[in-house]
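Here is a short tour of one protein chain, written to be read with the structure open beside you.

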Amino acid sequence: MTDDALKFEYDISGENFASAGEATMRIKKELRSLGFSPTLIRRCSVAMYEGEINMVIHANGGVATVLVYPDAIEIILEDHGPGIPDINLAMQEGYSTAPDAIRSFGFGAGMGLPNMKKYTDEMRIESELNKGTTVYMKINAE
């Protein structure tokens with residue numbers, strides 16, 4: 001992080017689907033007020049929402065930090081959940097460890113991480129079992 005970034009930080013509540021997406025909506029408004037393009041805002045929103053939902057489903061919440069630069073947006077999602085045992089497997093479309101109760105709500109289709117990768121220019125995942133996961137994403141401005 002450098003001094004020229006605006007920093008926004010949001011607590012993501014775990015297992016609370018009623019509030020899932022609130023951080024995404026808040027950063028979407030911030031980016032719109034800062035004059036970013038609708039395309040960039042959409043890409044950020046999709047990536048961040050997918051991450052938020054994953055943190056609610058799998059990790060009992062966490063923290064989303066968004067760094068806004070003139071030429072890029074960086075999103076850092078940190079949780080203290082169970083970790084991801086096999087990141088390559090988790091990145092495959094359709095792979096999901098979501099329980100049936102979550103799937104009955106329409107979540108857990110196994111598209112979260114693949115969509116996060118699809119809508120970002122850079123994505124890196126660091127995960128340690130029983131410690132948590134950190135996802136770093138960057139979306140370049142057009």
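This is a predicted model: local features need pLDDT of at least 70, side-chain atom pairs count only at pLDDT 80 or more; totals for chains, interfaces and linings use all residues.

## Overall layout

The chain has 142 residues, and 46% of them count as buried. Contacts across the sequence are worth a look too: among those between residues at least 6 apart, 64% join residues at least 24 apart.

## The sheet

In what order do the five strands of the open sheet stand? The order is β1-β2-β3-β5-β4, and the pairing is antiparallel. At the edges you will find β1 (6–13) and β4 (122–128); each has a single partner strand, so one side of each is left without a neighbour in the sheet. From one strand to the next, the twist averages 10°.

Now walk through the pairs. Strands β3 (residues 72–78) and β5 (residues 132–140) run antiparallel and are joined by seven bridges.

How much of β2 is covered? Mostly covered is the answer, with seven of its eight residues buried. As a reminder when you look at side chains, those of a regular strand alternate between the two faces of the sheet.

Helix α1 (residues 22–33) lies across β1, β2 (61–68) and β3, and it runs at about 160° to β1. Helix α2 (residues 38–58) also packs on the sheet, where it touches β1, β2, β3 and β5. The direction of α2 makes about 5° with that of β3.

## How the helices meet

Two packed helices are described by the angle between their axes and the distance between the axes. For α1 and α2 the angle is about 160°, and the axes are 9 Å apart. Angles over 145 degrees count as roughly antiparallel, and α1 and α2 are therefore roughly antiparallel to each other. The crossing of α1 past α2 is right-handed.

Which residues make this contact? From α1 come E22, A23, T24, I27, K28, L31 and R32, and they meet I41, C44, S45, M48, Y49 and E52 in α2. Sorted by class, the contact of α1 with α2 has seven nonpolar, two polar and four charged residues.

Let's turn to V135, which lies in strand β5. Is V135 buried or exposed? Buried means under 20% relative accessible area; V135 has 7% relative accessibility, so V135 counts as buried.

Leaving aside residues up to four places away in sequence, V135 touches I75, I76, L77, M116, M123, R124 and I125. One of these, M116, is 19 residues from V135 in sequence, and the two are 9.6 Å apart in space, C-alpha to C-alpha.

## Two asparagines with positive phi

Finally, stop at two loops. The loop between α2 and β2 holds N60, which has a positive phi of about 55° although it is not a glycine. The loop between β4 and β5 is the place of N130, and here too phi is positive, at about 65°, although N130 is not a glycine.

Are these asparagines buried or exposed? The cut-off for exposed is over 50% relative accessible area. N60 has 53% relative accessibility and therefore counts as exposed. N130 has a relative accessible area of 69%, so N130 is exposed.

Conventions: Residues are numbered from 1 along each chain as its sequence is written. Side-chain values use heavy atoms; hydrogens and water are left out. Two strands pair if DSSP finds at least two bridges between them. Helices (H or I, at least four residues) and strands (E, at least two) are DSSP runs, numbered from the N terminus. Axes are lines fitted to C-alpha atoms, for helices over the stretch in contact, and angles run from 0 to 180 degrees between N-to-C directions. Contact means heavy atoms within 4.5 Å. Angles under 35 degrees count as roughly parallel, over 145 as roughly antiparallel, 65 to 115 as roughly perpendicular and the rest as oblique. A crossing is left-handed if the near helix is turned anticlockwise from the far one by less than a right angle, and right-handed if clockwise. Ala, Val, Leu, Ile, Met, Phe, Trp, Tyr, Cys and Pro count as nonpolar, Asp, Glu, Lys and Arg as charged, and the others, Gly among them, as polar. Buried means under 20% relative accessible area, exposed over 50%, partly exposed in between (1.4 Å probe, protein chains only).
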